[in-house]
Amino acid sequence: MIYKLYLTLFKKFGEQHWWPAYNKEEIMIGAILTQNTAWNNVEKAIKNLKAKNVCSIKAIANMPVEDIEILIKPSGFYKQKAKRLKNFCAYLLANYGENFIECMQKKEIFELRNELLKIKGIGRETADSILLYVFEKAIFVIDTYTRRIYDALKDDNSDVFKMDYDELREIFENKIKKHCKEEDLVKIYNEYHALIVRFGKEHKGKDYKDDIKGLIS
DNA sequence: ACCCAGGGTCATA
DNA sequence: TATGACCATGGG
């Protein structure tokens, strides 16, 4: 069912070209700003950063938090996020230097994941978004949309919204792996998560359990 | 005037 | 380990 839903969504919506960002640094910034926040608001924040020419890891690392707060205000939780964003950017430069992307890219996936999870403000979904969309590692991103989707798909009466993040992530990964070649996983995880978000947005506020069942039947 | 959005941390029991 | 409080803006 999980893989079939992917094929159906792909047929319906096509390629999503994720993550929506100009470059990899912008993906990382957006991944933090979008925490529990509508993407529309994140776009405003990123627009503000770009208007000041500071939409980069280095610029943010060297900016006073107060200035970051003002620019990212539309994304909500702006005081927390400004502090965490700056701390994150400073961490990358301090530990990897200017070529942080290439350096981190070389690391083994779960080593890098554990490292990201130690940084304050980087939880599992944010870490996995960065791993998948920046570093192109084969890891599936679970978000609230995914839980609702799985709630509609599952055949038992487990509480999907209380289910452990990694447990649910492995359910999706294992199902997908049964149908795909190893070298295609990154592309499929990328596309599938994007499609789930796309579907979720189009059904905002609605109970889409029946729509999901209609799609795969 | 409400509700919620592409989460995460921290205090408490 | 598992709840609950808290963070905050903008669109529907």
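Here are some questions and answers about this predicted model.

Q: Into which domains is chain A divided?
A: One of the two is made of separate stretches, 2-16 and 140-216, and that is domain 1. The other covers 24-133.

Q: How many residues of domain 1 are in contact with domain 2?
A: Taken over C-alpha atoms, the centres of domain 1 and domain 2 are separated by 25 Å. By class, the side of domain 1 that touches domain 2 has four nonpolar, one polar and one charged residues. On the domain 2 side, six residues take part, and the number from domain 1 is six.

Q: Is H2 roughly parallel or antiparallel to H9?
A: Start with the geometry: the axes of H2 (residues 24-33) and H9 come within 9 Å and cross at roughly 160 degrees. Angles over 145 degrees count as roughly antiparallel. H2 and H9 are therefore roughly antiparallel.

Q: Which residues in H9 meet H2?
A: H2 passes H9 in a right-handed crossing. From H2 come Ile 27, Met 28, Ala 31 and Ile 32. The contact of H2 with H9 holds six nonpolar, two polar and no charged residues. The H9 partners are Thr 126, Ser 129, Ile 130 and Tyr 133.

Q: What are H2 and H3 to each other, by the angle between their axes?
A: Their axes come within 10 Å and cross at roughly 130 degrees. Angles over 145 degrees count as roughly antiparallel and 65 to 115 as roughly perpendicular, and roughly 130 degrees is the crossing here. H2 and H3 are therefore oblique.

Q: Which residues of H3 make the contact with H2?
A: The crossing of H2 and H3 is right-handed. On the H2 side you'll find Glu 26, Ile 29, Gly 30 and Leu 33. By class, this contact of H2 with H3 has five nonpolar, one polar and one charged residues. H3 brings Val 42, Ala 45 and Ile 46.

Q: Why is H10 called roughly perpendicular to H12?
A: The axes of H10 (residues 144-153) and H12 (residues 185-202) come within 9 Å. An angle of 65 to 115 degrees counts as roughly perpendicular. H10 is roughly perpendicular to H12 because the axes cross at roughly 85 degrees.

Q: Which residues in H12 meet H10?
A: H10 puts Tyr 145, Thr 146 and Ile 149 into this contact. By class, the contact of H10 with H12 has four nonpolar, two polar and no charged residues. Facing H10 from H12 are Ile 196, Val 197 and Gly 200.

Q: Which helix gives the most residues to the surface near DNA strand B?
A: DNA strand B is surrounded by 24 residues, and the closest are Gln 35, Asn 36, Trp 39, Gly 123 and Thr 126. Elements giving two or more residues to that surface are H9 (124-133), H10 and H12. With four residues, the one that gives the most is H9.

Q: How many charged residues does the surface near DNA strand B have?
A: Sort the surface by class and you get eight nonpolar residues and 11 polar ones. The charged residues near DNA strand B number five.

Q: Which helices each supply at least two residues of the surface near DNA strand C?
A: There are 14 residues around DNA strand C, and Pro 74, Gly 76, Phe 77, Lys 79 and Gln 80 come nearest. By class, this surface divides into four nonpolar, six polar and four charged residues. The helices supplying at least two residues each are H3 (39-51) and H6 (78-96).

Q: Which peptide bond is cis?
A: Look in the loop between H1 (2-13) and H2, where Trp 19 sits. The omega value is near -5 degrees, and the cis bond runs from Trp 18 to Trp 19.

Key. Residues are numbered from 1 along each chain as its sequence is written. Chains are lettered from A and ligands numbered from 1 in the order in which they are written. This is a predicted model: local features need pLDDT of at least 70, side-chain atom pairs count only at pLDDT 80 or more; totals for chains, interfaces and linings use all residues. Axes are lines fitted to C-alpha atoms, for helices over the stretch in contact, and angles run from 0 to 180 degrees between N-to-C directions. Angles under 35 degrees count as roughly parallel, over 145 as roughly antiparallel, 65 to 115 as roughly perpendicular and the rest as oblique. Two residues are in contact if their C-beta atoms, placed from the backbone, lie within 7 Å. Ala, Val, Leu, Ile, Met, Phe, Trp, Tyr, Cys and Pro count as nonpolar, Asp, Glu, Lys and Arg as charged, and the others, Gly among them, as polar. A residue is near a molecule or strand if its C-beta atom, placed from the backbone, lies within 6 Å of it. Domain bounds come from an automatic or database domain assignment. A crossing is left-handed if the near helix is turned anticlockwise from the far one by less than a right angle, and right-handed if clockwise.
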